[in-house]
Amino acid sequence: MNIPTIFGICASMLIGLGLYGIIIQDQVLRKLLSFNLVGTGVFLLFGVIGRRGAEGGLGGDPVVFGLVITGIVVAFSATALAVALLIRLHEETGDDTLLDEAPGEEEK
Amino acid sequence: MSGLWDLLTILFVSMGVFFFVAGTVGLLRFPDSLTRLHALTKADNLGLGLIVLGLLPRVESPQDALKLLLVWALVLVASANSSQLIARKVRREES
Amino acid sequence: MTEFLYVAAILVLVTLALSLARVLRGPAKADRMMAAQLLGTGGIAILLLAAGSGLKAATDVALTLALLSALAAVAFVKSGERSSSSPKNEKQP
Amino acid sequence: MTGDLIFCAGLVLLILGLAAFVVAARQPFPAVVGFVVFGLLVSIAWMCLAAPDVALTEAAIGGGVTGALLLVASAKLGDPSKRGQKMKLARGFHVLVILLCIAVSAGLIAVVLSLPERAPTLALVALDPLESTGVKNPVTAVLLAYRALDTLLETVVVLLAMVGVWSLAKDSDWAKKPAFGYSPERGGPLGLLASLLIPVGVMFCVYMVWTGSDHPGGKFQGAAILAAMGILGLVAGITSVPAVTNARLRWVLILGPTVFLVAGLMGFASAGYFLAWPPEFSKAVIVLIEVALTPSLALMLGLLVAGPPRHSSQL
């Protein structure tokens with residue numbers, strides 16, 4: 001058991017947890033948080049691969065780390081756009097979910 | 001000589017960690033928000049300050065020492081002001 | 001010596017885990033925010049300890065966190081003001 | 001050697017616990033605070049993985065700017081409890097979802113455990129021509145010399161996302177200023193905080209960009225810090241943003257991408273293909289692009305947090 005392996009397991013579990021949140025949550029903000037958990041898990045998985053590729057006196061594979069930096073910034077932009085969409089939706093409808101109708105009515 | 005510096009590091013860092021523990025215990029055990037805020041500032045100011053003091057003998061260049069002190073100064077400014085802001089919010093919500 | 005700094009870092013990590021309980025339990029929003037504040041300071045302490053044991057770049061990460069630690073608290077306090085009172089008569093003297 | 005292993009194991013447990021809390025918390029606000037702390041711990045995790053450049057990015061963007069964005073958003077959305085609307089799931093479906101997620105995690109863990117003993121790596125390939133670029137930080141070299149196209153497109157993606165946010169303004173609010181929607185507060189602790197932190201932050205941003213070519217750091221980290229300082233100044237009433245139709249604002253926004261693009265097109269003349277830097281000037285070109293990108297990126301990131309232009313009586 002070495003350090004990259006520990007973080008690899010952590011990343012895998014983060015992806016599973018986030019996926020669960022994306023499917024189960026009904027508020028969009030919570031779905032966004034879960035989506036970011038999945039994103040972080042994927043980045044960490046990249047980081048593990050990069051760390052294992054350490055060679056030539058470097059701490060890891062710089063190509064992979066460069067990709068992850070790009071990924072973090074893009075993920076933030078996507079999150080910000082999604083938050084703006086969500087707030088506008090909330091202003092229009094007073095709702096912060098994507099449900100078509102109140103489920104209570106559906107059951108009746 | 002280095003033995004003495006190492007001793008200083010061990011002494012100050014241990015004291016710093018102690019204040020982190022104290023602050024956390026306060027945060028968990030104190031009865032209301034304002035007293036918890038009080039406990040919290042012990043960890044911020046004293047805990048981090050002592051750790052910075054303890055690490056100073058280990059730095060390699062004056063720039064690194066300056067950076068360490070800057071971190072502490074920034075945390076002092078940030079925690080003092082944001083504690084004030086949070087306390088104001090707590091009071092407004094209570095009244 | 002490095003081993004001592006690791007032990008110190010692990011101890012700070014344990015206190016962080018404990019103060020996480022306050023983030024989880026609350027009860028007030030301010031309590032959660034304060035605990036997050038403490039976690040931020042603890043994270044900075046861990047990074048400085050890492051820098052002390054040879055990871056020099058950790059100091060820069062600690063500086064970044066120190067600069068941005070107040071931002072979350074400010075965003076929390078100011079945005080809360082808006083939702084708790086009407087924005088029109090909220091004017092500082 | 002065991003000390004760091006124990007530390008990392010503890011860190012992983014904390015990260016996973018927080019992630020579980022973010023998913024399971026009943027209210028959105030605690031989940032958001034949990035996510036902010038999560039970002040902080042993940043940046044420490046990046047230090048453990050020997051990736052200081054990524055740790056800096058995660059600390060500046062994941063912990064700082066995203067935290068402000070999400071906290072403001074959760075305050076604007078308010079508490080959902082009053083509606084009492086809840087998605088009802090059939091029990092079978094719920095079990096199916098749990099099984100699916102466990103399967104995904106288990107599969108990935110199996111992949112991680114069965115990685116080849118000698119990992120494939122491009123580290124040596126990336127190191128080899130490092131001398132010729134004059135840049136000492138291999139990550140910066142990857143971002144701006146070998147994979148510059150990624151970085152160029154990424155800047156454009158951030159710009160597009162910002163245009164997307166602007167396009168969500170109401171028709172009547174277009175040509176107004178982007179605003180959080182609450183009054184700036186002058187003086188008091190907030191004013192003191194802003195006036196003390198902002199100069200240090202700006203200095204640190206310059207340091208980050210400058211040091212980025214040789215040591216961990218770079219334009220993304222610097223820009224994120226600058227954006228955070230801008231947000232702080234905005235809240236404290238020290239800085240202000242012009243209306244989104246302002247020509248100067250738009251010039252600053254496209255300054256970085258334009259310099260990048262022009263430098264890339266010059267590559268046709270100097271080396272024969274797009275985004276090729278002339279070998280003798282490559283460090284100068286890289287530093288120029290970094291310096292030009294920083295204000296543009298900082299403004300984009302800040303405006304992404306500020307949200308679409310909206311009517312506000314205070315600002």
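## A charged pair in chain A

A:Glu91 is partly exposed, at 35% relative accessibility. That class lies between buried (under 20% relative accessible area) and exposed (over 50%), with a 1.4 Å probe and protein chains only. A:Glu91 forms a salt bridge with A:Arg88, and the closest N and O atoms are 4.0 Å apart. A salt bridge here is a side-chain nitrogen of Lys or Arg within 4 Å of a carboxyl oxygen of Asp or Glu. About one helical turn separates the two, because they sit three residues apart in helix 3 (residues 62-93) of chain A. Helices are DSSP runs (H or I, at least four residues), numbered from the N terminus.

## Basis of the model

The model is predicted: local features need pLDDT of at least 70, side-chain atom pairs count only at pLDDT 80 or more, and totals for chains, interfaces and linings use all residues. Residues are numbered from 1 along each chain as its sequence is written, chains are lettered from A and ligands numbered from 1 in the order written, and side-chain values use heavy atoms, without hydrogens and water.

## Which chains touch

Four pairs of chains are in contact (heavy atoms within 4.5 Å). Chains A and D share the most contacts. Chain A does not touch chain B; their closest C-alpha atoms lie 21 Å apart. Nor does chain A touch chain C, with nearest C-alpha atoms 11 Å apart.

## The interface of chains B and C

Chain C and chain B bury about 3700 Å² between them. This is the accessible area (1.4 Å probe) that the two lose on being put together, summed over both. Carbon and sulfur atoms carry 75% of it.

Two salt bridges join chain C and chain B. Helix 1 (2-25), helix 2 (29-52) and helix 3 (58-84) of chain C each supply at least two residues of the side that touches chain B. In one salt bridge, C:Asp31 meets B:Arg36, with the closest N and O atoms 2.8 Å apart. The pair runs from helix 2 of chain C to helix 2 (residues 33-55) of chain B. C:Asp31 counts as buried because its relative accessibility is 1%. B:Arg36 is buried too, at 6%.

## A salt bridge in chain D

Over all chains, the count is four salt bridges. One of them pairs D:Glu290 with D:Lys219 (3.5 Å, N to O). D:Glu290 lies in helix 12 (residues 282-306) and D:Lys219 in helix 10 (residues 219-235) of chain D, so the pair ties together parts 71 residues apart in sequence. Both D:Glu290 and D:Lys219 are buried.
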